[in-house]
Amino acid sequence: MPLAPRPFLPLFAVLLVAAVGLGGSGCRRAVKPDLGQDRAVEAGVPVELGSREEGAAAVTWELGDGTPPQQAASVSHAFARPGAYTVRALHDGEEVGRVRLTVVPRPVLRAVPAEAQTVLWVSQVRGGVEPLVDFYERLIGPENARRTLEEAPLVSLLLRGLDGGPSVVDPEEGFGFFLLPDFDGVVALLGIQDPKEALDAVVGELEGAGHEVLPRSDGSARVVPGDGGPPMLLFEDRGYLYLAVPDSPDAPEEGVPVQAQLEGTPDVEVARAAVRGLSGAGISEVPLLGELRGKVAEGSVYLYSGAPPDEAGEEAGPVRGFFASLVVRPERLDLDGFLSSSRPLLSGATAPASALLQQAAMGPMAAAQLSVPPEELAKLAFGSPGSPRRARTLERWRQQGLDAEALLKALRGDVAMLVYFDAGAFFRNFLREKRPEPRGTVVVEAGLASAEPVLALIDRQLEDLSLLSARVSSQKLPDGMLYRTVLREQPVELRITSQRATLLAGEVLEGRARGDVGTALRERFGGEAFGAGHVSVMLDLGRLREDLRAAKDVPGVPPGQLEAAKAFTGALMDQLTPLDSAFLDFSLAEGGARLKGRVSLRPAAEASR
């Protein structure tokens, strides 16, 4: 029998060894679990790896985040902290697959249900919460601020992390509150790192505050407030901790059984079902929210509110929604907001700017202007024409002898007020009465389209003033009437002309430079505030402090007593508030209206003097 050629023997041996190997293993198939491509995932959100098919081979999963290995055909795992992790699948000690997962913080809005009506949030705890807390502490004092903040849901846990101690809060994720249409209450949420540690920490905080915490088998906890309020619900979901806080019920009604009243308590399970049921983007990709974000500056804190739908599921009224941002600096907070409307607000009309602000005494400590068409002002005050509210209001005025309709038709639409502080009168009264009482001058002016209805109204009211023992003198002017009286020891003067009604309460302003107050306010606060079509308000306590410090040679007040009184009132002002000024402006804009605001504190160097 001829032998096989020698070159064939090595190949035959290799095939034989391979066959023996396959036979010894029962023709085992190669294990290749499905890990997918390298990708980014969100912290706290479970990642599915492997195969759930029946008969799939079990492997050992090394997740790369320090958690113990798991043996199974598939695994669902949530990474607690952001970072880059290599997940390995091992079979019989050999690597059979790996994937690189980049874990990013879960945006807070993706953790809020899309049907939420209103949301207030900080996008990232680190860098977003600290300046807000610092500003609030300066505004009302550290102790008052901490006491107030710790009463808010989950804030005590957040503050502990800010103090530099160990914290379960995820500093890269967000914090906020939201309202749901089917839940009468507020839901707080906070990004966390480890669900169990976070739940334990909050339970400890709640029990320390006197609340009873009842853990449940599903991992949530029922919280019974120590003050007897309705129970709250604490739970975790995909990297965020939630606390549903129902509104407190109204005072018990006599004759109504307690059980019947408890049945009306908001159901906290509604809030949890909404959170557990959300998928994907949550409220973050609601079209209106995206539209409004493009109209407002970036900030530290945000507020979004959508208009509630009517029973047919459509928007009720012209307002579609509101979005605002707050930029927080060490000594200043700026507000930028936009109100979206499906049709022009105030019928798209504007009233003129106030003539008072164009020429008045400079340096008011407060100023306000309302520039709104008269009929729109009537809607705000009394309701729409023909509405039951308007009919009731006008009838109530008629019973008092007032014709509100005629008065509103006489208005031009611009109303302004200026408030001045009189330091000399303040110190004289303070030293005489031994108590600080405000002294100064208030000027209110309204533009008129017609003076007759206003004069007729005043004549009808003079009798009521006489019943209050207020003597009123009147004087005919070439272009109108002048009325004078004294109320609370302060002179009051009302001047009516064909173009304006001006009320002056307090001493006549003397020694102050006059100029365009409106322009000065616009230069200070920016934009077109205090102009035509704007509703603007300003309070300037910095000016009040300056007036107090500048008071010299007050007639009737000895210099030594004046200096002592100035020192006392200065210290009192410093103790009462660090507020320097506050400003708010509302104006029409394309697609709705814009809201601007600012709150300023005294510079730290000045406050420490």
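**Close-up views of a predicted model**

Of the 609 residues in the protein, 41% are buried (under 20% relative accessible area with a 1.4 Å probe, protein chains only). The model is predicted, so that local features need pLDDT of at least 70 and side-chain atom pairs count only at pLDDT 80 or more, while totals for chains, interfaces and linings use all residues. Residues are numbered from 1 along each chain as its sequence is written, and side-chain values use heavy atoms, with hydrogens and water left out.

**View 1. The overall set of elements.** The protein has 19 helices and 29 strands, which are DSSP runs (H or I, at least four residues, for helices; E, at least two, for strands) numbered from the N terminus. Among contacts (heavy atoms within 4.5 Å) between residues at least 6 apart in sequence, 64% join residues at least 24 apart.

**View 2. The buried side of helix α8 (residues 268-277).** Val 268, Ala 271, Arg 272, Ala 274 and Val 275 are buried in α8. These residues lie on the same side of α8 because they cover an arc of only 160° around the axis, taken from the directions from the helix axis to the C-beta atoms. The buried residues of α8 pack against β9, β10, β13 and β14.

**View 3. Helix α11 (residues 374-382) and its surroundings.** Glu 376, Leu 377, Ala 378 and Phe 382 are the buried residues of α11. They pack against β19 (366-371), α12 (388-399), α13 (404-410) and β20 (411-421). Gly 383, with a positive phi near 105°, follows α11.

**View 4. The packing of helices α14 (residues 423-433) and α18 (residues 559-576).** The axes of α14 and α18 are 11 Å apart, at an angle of about 95°. The two helices are therefore roughly perpendicular (65 to 115 degrees). Phe 426, Phe 427, Phe 430 and Leu 431 of α14 meet Gln 561, Leu 562, Ala 565, Lys 566, Phe 568 and Thr 569 of α18.

Technical notes: Axes fitted to C-alpha atoms, helices over the stretch in contact; angles between N-to-C directions. Parallel < 35°, antiparallel > 145°, perpendicular 65-115°, else oblique. Buried < 20%, exposed > 50% of the residue type's maximum accessible area, 1.4 Å probe, protein only.
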